[in-house]
Structure formats: structure tokens, C-alpha cells
Amino acid sequence: MEKRSNIKNIVIALLTPLPSILFYLSFLHNHSSFPRSSIWSFCYEHPLLLANILFFFNVDLLFWLIGLLLSNNWLIDLYWTVIPVLLVHYFSSHPNSQSNSLRSTIAILLTWVWSIRLTHNYFRREKWEWGKREDWRFSDMRKQYGKNWWWISFFAVYLSQQVFIIGICLPMFAIHASDQPCGIYDLVALVTCITGITVAYFADTQLHEFVTRNETSKKLGMPIIANLETGLWRYSRHPNYFGEQLFWWGLYLFAWNLGYTWMFVGPLVNSMCLGYVTVLVERRMVEKEYRAEAYRQYQKSTSVWIPWFKGSKIDEIKEKSM
């Protein structure tokens with residue numbers, strides 16, 4: 001039964017983006033025809049607006065309807081790792097785009113590496129099953145809103161994701177709207193993005209190994225460890241979140257270098273949202289009796305996001321300086 005459900009979810013996941021992909025391919029095929037129809041002219045002249053329209057109908061509406069039918073909003077979690085890749089290729093291949101080929105190639109490669117890392121982590125966490133469960137935050141909201149969840153989910157799960165995903169991907173549009181030569185700030189952006197991906201990878205791997213060890217110990221009737229406080233987690237309570245944000249702010253540096261300074265709103269809104277998620281996660285941690293006190297001590301001694309010395313280490317440094 002589980003195998004059949006897994007196959008069904010794989011088929012759903014592979015078919016759902018097809019409306020947007022087929023429409024865009026049709027546009028690429030027909031946009032140069034003369035006389036150009038009004039719809040193809042609109043698609044040519046407004047690439048950013050077209051991306052939002054496709055997102056609204058294909059993700060907001062279609063994913064929402066699928067979520068209602070399945071009583072499970074797992075699909076948006078998976079596509080968080082895929083949509084940025086689709087968007088960067090959309091912006092790079094759009095007939096109205098202009099870009100520096102090196103910068104464009106770097107942006108595409110960075111997005112693919114980011115996506116592969118996050119997709120691998122998603123399936124590793126879900127034990128390589130498709131759609132087995134939805135995000136715990138959505139499950140909590142489902143219980144909270146009860147019979148009204150069917151329509152609230154459209155805004156809370158899907159429309160909000162459009163704001164976040166399109167927002168953080170705005171630099172991809174900027175990169176493909178200017179052919180300015182590469183410079184030193186592009187190198188800074190590249191290093192920042194790579195650092196973010198690397199930090200997120202090691203943080204998530206350390207977390208996965210910690211969870212796996214605890215699951216094994218529990219099965220064997222052995223005591224489990226309350227908190228992960230080694231590796232990167234010794235210096236930050238959420239190093240995976242820090243790495244993720246570092247990547248998107250690094251991508252923004254490409255846009256800033258090209259004069260699109262206003263695009264900071266994308267990573268800023270996303271960082272604010274992740275800050276709220278951090279609060280929810282930490283509340284959840286202290287609700288678990290076996291780790292509550294240990295986690296409170298961890299909160300007192302360890303930085304939230306940005307890796308830093310333990311509280312006791314900071315005190316030592318202060319004492320030596322006095």
C-alpha cells in the first residue's frame with residue numbers, strides 16, 4: 001500500500017509543473033511569429049509579471065486543489081527545492097533577457113547546487129519517500145483552524161510561498177536584465193553563496209546523523225541525547241538556517257552590484273519569516289519534557305543563528321580583557 005502511494009505521489013509531482021512548462025515552451029516557439037499576438041507580446045514584454053502569473057495558476061491554485069484532494073500539503077515542500085531552478089532557467093532563456101554569460105552561468109550553477117543539496121536533505125529526512133507527510137507547521141495550522149483550513153490554506157501555504165519564493169529569486173531576474181561585465185562584487189557574491197551552501201550542508205548532515213543515532217538508541221532501549229551541541233551546532237542553535245540565509249543574501253549581492261538595490265526586500269522578508277519559524281521551532285523544543293531544561297540552558301549559552309562562541313567562552317574572553 002505504501003509503495004503504491006509513493007508511486008502515485010511521484011506521478012503527481014512530475015505532472016504538476018507541466019502546465020507552466022508547456023505554456024512557456026509554446027511561447028518560445030511562437031513569440032517571433034508575425035504579426036505577434038497580444039498574448040505573446042505581453043509574455044515577451046513582461047517576463048517578471050509572467051513568472052508571477054504562472055506561479056499563481058500552477059502553484060497557488062493547482063497545488064492548493066491537489067492539497068485539498070489529498071488532505072496533505074506536502075507538494076509545496078518538495079517544490080521549494082525545485083521552483084528556483086525552474087525560475088533561473090526561465091529568466092535565462094526568456095527572449096527579452098540580456099546578461100553577462102559568465103554571471104548567468106554562475107547563477108545557474110549555484111542554483112542547481114543549492115537545489116541538489118536541499119532536495120537531498122528533504123528526501124533523506126523523509127526516508128526517501130514522496131509525500132509521506134506534510135510540514136508540521138501546516139499540520140498544526142490544520143488543527144488550529146479546523147473546518148476553515150480548506151480556504152485559509154490557500155493563503156497561508158500557497159499565496160505566501162509566492163511572496164517568499166519569487167522574492168528571493170528576484171536577483172535571478174536582475175542577473176538576466178543586465179550585461180554589465182563581472183567585477184569584484186560578483187566574486188564576493190559567489191563566495192558568500194558557496195559559504196552558505198557549505199554551512200547548510202554540514203549543519204543538516206550533522207543534524208541528520210544526530211537524529212539517526214537517537215532513533216537507533218531508542219529502538220535498542222538505550223538513553224538518547226537531548227540536544228545536538230557538537231559541530232556547527234556548538235556555535236549556533238540553527239546553523240542550517242544561517243547557511244540558507246547566507247546563500248540568498250549572497251545571491252542578492254549580484255542584483256545589488258547591477259543596481260537593483262531594492263531587491264533586498266526578497267531576502268529580508270524571507271529572513272523575517274525564518275525568524276518567526278525559529279521561534280516556533282524553539283517553542284516546540286522546550287515543550288518536550290525530556291529535553292526542555294537542557295534546551296533552555298542551550299538557549300542561554302549559544303547564539304541563535306550567527307555562529308559564535310559559547311556563553312561561557314565569551315565570559316572567559318571578557319575576564320581576560322579586564
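## Helices α11 and α12

Helix α11 (residues 184–219) and helix α12 (residues 239–257) pack at an angle of about 165 degrees, their axes 7 Å apart. Axes here are lines fitted to C-alpha atoms, for helices over the stretch in contact, and angles run from 0 to 180 degrees between N-to-C directions. The two helices are therefore roughly antiparallel (angles over 145 degrees count as roughly antiparallel, under 35 as roughly parallel, 65 to 115 as roughly perpendicular and the rest as oblique). Helices (H or I, at least four residues) and strands (E, at least two) are DSSP runs numbered from the N terminus.

## Basis of the model

This is a predicted model, in which local features need pLDDT of at least 70 and side-chain atom pairs count only at pLDDT 80 or more, while totals for chains, interfaces and linings use all residues. Residues are numbered from 1 along each chain as its sequence is written, and side-chain values use heavy atoms, with hydrogens and water left out.

## Residues along α11

T192 is placed in helix α11. At 18% relative accessibility, T192 counts as buried (buried is under 20% relative accessible area, exposed over 50%, partly exposed in between, with a 1.4 Å probe and protein chains only). Leaving out residues up to four places away in sequence, T192 touches L246, G250 and L253; contact means heavy atoms within 4.5 Å. L190 also has its place in helix α11, and its relative accessibility of 23% makes it partly exposed. Beyond residues up to four places away in sequence, L190 touches I106, L110 and F254.

L207 and R125 are 82 residues apart along the chain, and their C-alpha atoms are separated by 9.9 Å.

C182 is in the loop between β2 (177–178) and α11. C182 is partly exposed, with a relative accessible area of 32%. Apart from residues up to four places away in sequence, C182 touches N100, L102 and R103. The C-alpha atoms of C182 and N121 are separated by 32 Å, the two residues being 61 apart along the chain.

## Helices α8 and α9

Helix α8 (residues 136–145) packs with α9 at an angle of about 150 degrees, and the axes are 10 Å apart. That angle makes α8 roughly antiparallel to α9. The crossing of α8 and α9 is right-handed. On the α8 side, F138, M141, R142 and Y145 meet W149, I152, A156, V157 and Q161 of α9.

## Nonpolar cores

The largest nonpolar core has 59 residues, of which L75, L87, M172 and W248 touch the most other members. Helix α9 (residues 149–168) supplies the largest share of this core, nine residues. A nonpolar core is a set of buried Ala, Val, Leu, Ile, Met, Phe, Trp, Tyr and Cys residues joined through side-chain atoms within 4.5 Å.

M172 is in contact with P84, L87, V88, F91, T111, W248 and L251, leaving aside its neighbours within four places in sequence. A second, separate core of 12 residues includes Y241, Y295, Y298 and W305.

## Positive phi in two loops

Most residues other than glycine have a negative phi. S71, which is not a glycine, has a positive phi of about 55 degrees; S71 lies in the loop between α4 (47–70) and α5 (74–79). W128, likewise not a glycine, has a positive phi of about 65 degrees and is found in the loop between α7 (101–125) and α8.

## Annotated transmembrane regions

The unreviewed UniProt entry carries the annotation "transmembrane region" for residues 7–28, 48–67, 74–92, 149–177, 183–203 and 264–281. UniProt positions are given in the numbering used here, feature names are shortened, and annotations may be inferred rather than shown by experiment. In the model, residues 7–28 are 91% helix and 0% strand, with end C-alpha atoms 32 Å apart. Residues 264–281 are 94% helix and 0% strand, and the end C-alpha atoms of this span lie 25 Å apart.

Definitions and conventions:
Left-handed = near helix turned anticlockwise from the far one by under 90°.
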